[in-house]
Amino acid sequence: MNERVIIKSTNQNNLLKAIINYMESEKIDYILQENSLEGTTKDFKKLIYIDDGSKDFNDFFENKELSIIVISDKKEVVDGKANINYIITTLVNDETNYTDVQKEYLYKKGIYHTFLEKLGELLENTNNYDGMIYDLTELKSIPNNWIFNFDSINDTYAWLLKKNKMLPNNFVRKVINFYDDKVYDDSLREINYLAQKLVEIKDGKNVIDIFICSKDELKIFEKNYFFKLLIKNISPNYRFYLIDKDKILENDKNLVTKLTDGIAIYNDCIYRDTYDDEFSLGYVDCNIDTIKQYNEYFDYILNKYGTQIKVESDLNEF
């Protein structure tokens, strides 16, 4: 869509931020107008109006050259010559303080995803709708769970790379690793991911790595180029631990099941590897209770079973 769009809103809330994010990601030319629309519409053919109850744009209903999308929390059809379509949604009043990853969830598959789909459809308006009303008021604003999957393995790696890079240096990322030949396969995406991890460590990111493996799996790990490099980069901000897989299975088998195939604990979510998923490799859980629970699991196994590795020769003792 090449036509410029004007957005009229008096509130800097989640809905407006979502619309602006959509405009920028879709590379749609827009301008945000918080005050009067007077003198601003001659260069624009499309108007998104987030209804605050003032109805200060009544004059533009008579402009038959203008296409208007009214976004409101109530159904109210307006008479006029302009092409007017409607989205009815409670998001007009959404002031919730979401975490970054919760916003990502809502944009990927939640209520904001549905809203932006309908907004995009009305902006394009290939079917020449006039008077179309999308009523989204029955959609749940908060999902039953905060879990989302990825569309592909490449999307998974891209998300992990971006998430790791965005973390503040003073946050300690806790990671639990298991051996699997699907991952430690020296593929290009795995090399890129691990190479970026080394860069993050050198840049001062704080990471604690736990590798849960048997002695036979450790021998395979030791042949992996990046496994060796991780050990060489052990430092005050990068700590490295081994846990005997046979020992923890003997004493805490149920817990191991909750940790397999691997976990990364972030400030606002956990990422869990699921290597039996051939499409994505894992999923993200944004539930606050899940983050707290997995932090407790991590600290428990580290304190009870962890053997800290400080130099490569420490592997021999394990």
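Residues are numbered from 1 along each chain as its sequence is written, and side-chain values use heavy atoms, with hydrogens and water left out. Because the model is predicted, local features need pLDDT of at least 70 and side-chain atom pairs count only at pLDDT 80 or more, while totals for chains, interfaces and linings use all residues.

Helices (H or I, at least four residues) and strands (E, at least two) are DSSP runs, numbered from the N terminus. Two packed helices are described by the angle between their axes and the distance between the axes. Axes are lines fitted to C-alpha atoms, for helices over the stretch in contact, and angles run from 0 to 180 degrees between N-to-C directions. Angles under 35 degrees count as roughly parallel, over 145 as roughly antiparallel, 65 to 115 as roughly perpendicular and the rest as oblique.

Helix 2 (residues 100-108) and helix 3 (residues 111-124) have axes that come within 4 Å and cross at roughly 45 degrees. Helix 2 is therefore oblique to helix 3. The crossing of this pair is right-handed; a crossing is left-handed if the near helix is turned anticlockwise from the far one by less than a right angle, and right-handed if clockwise. L106, Y107 and K108 of helix 2 make the contact (heavy atoms within 4.5 Å) with I111, Y112, H113 and L116 of helix 3. By class, five nonpolar, one polar and one charged residues form the contact of helix 2 with helix 3. In this classification Ala, Val, Leu, Ile, Met, Phe, Trp, Tyr, Cys and Pro count as nonpolar, Asp, Glu, Lys and Arg as charged, and the others, Gly among them, as polar.

Helix 5 (188-202) and helix 7 (residues 225-232) pack at an angle of about 5 degrees, with their axes 11 Å apart. This angle makes helix 5 roughly parallel to helix 7. From helix 5, the contact involves I191, L194, A195, K197, L198 and I201, and from helix 7, F226, L229 and L230. The contact of helix 5 with helix 7 comprises eight nonpolar, no polar and one charged residues. Within helix 7, F226, F227, L229, L230 and I231 are buried, where buried means under 20% relative accessible area, exposed over 50%, and partly exposed in between (1.4 Å probe, protein chains only). The buried residues of helix 7 pack against helix 5, and also against strand 9 (206-213), helix 6 (215-221), strand 10 (238-244) and helix 10 (314-317). The N-terminal end of helix 7 is capped by N224, with a side-chain oxygen 3.0 Å from the backbone nitrogen of F226.

The axes of helix 8 (residues 245-259) and helix 9 (residues 288-305) come within 11 Å, crossing at roughly 160 degrees. The two helices are therefore roughly antiparallel to each other. Helix 8 passes helix 9 in a left-handed crossing. On the helix 8 side the contact consists of K247, I248, N251, D252, L255, K258 and L259, which meet Y294, Y297, Y300, I301, K304 and Y305 in helix 9. Eight nonpolar, one polar and four charged residues make up the contact of helix 8 with helix 9.

Within helix 9, Y300 is partly exposed, with a relative accessible area of 33%. Y300 touches D252, L255 and Y305, not counting residues up to four places away in sequence. The side chains of Y300 and D252 are joined by a polar contact of 3.0 Å; a polar contact is a pair of N or O atoms within 3.5 Å, and within protein one must be able to donate a hydrogen and the other to accept it, while residues adjacent in sequence count only if both atoms are side-chain atoms. D289 is also found in helix 9 and is exposed, at 64% relative accessibility. D289 and C269 are 20 residues apart in sequence, with a C-alpha to C-alpha separation of 9.6 Å.

D268 lies in the loop between strand 11 (262-265) and strand 12 (270-273), and is buried at a relative accessible area of 7%. The side chain of D268 forms a polar contact of 2.8 Å with that of K163. Not counting residues up to four places away in sequence, D268 touches T99, D100, V101, K163, C286 and I291.

N164, located in helix 4 (residues 153-166), is buried, with a relative accessible area of 1%. R173, Y193, E200, K205 and Y266 are touched by N164, not counting residues up to four places away in sequence.
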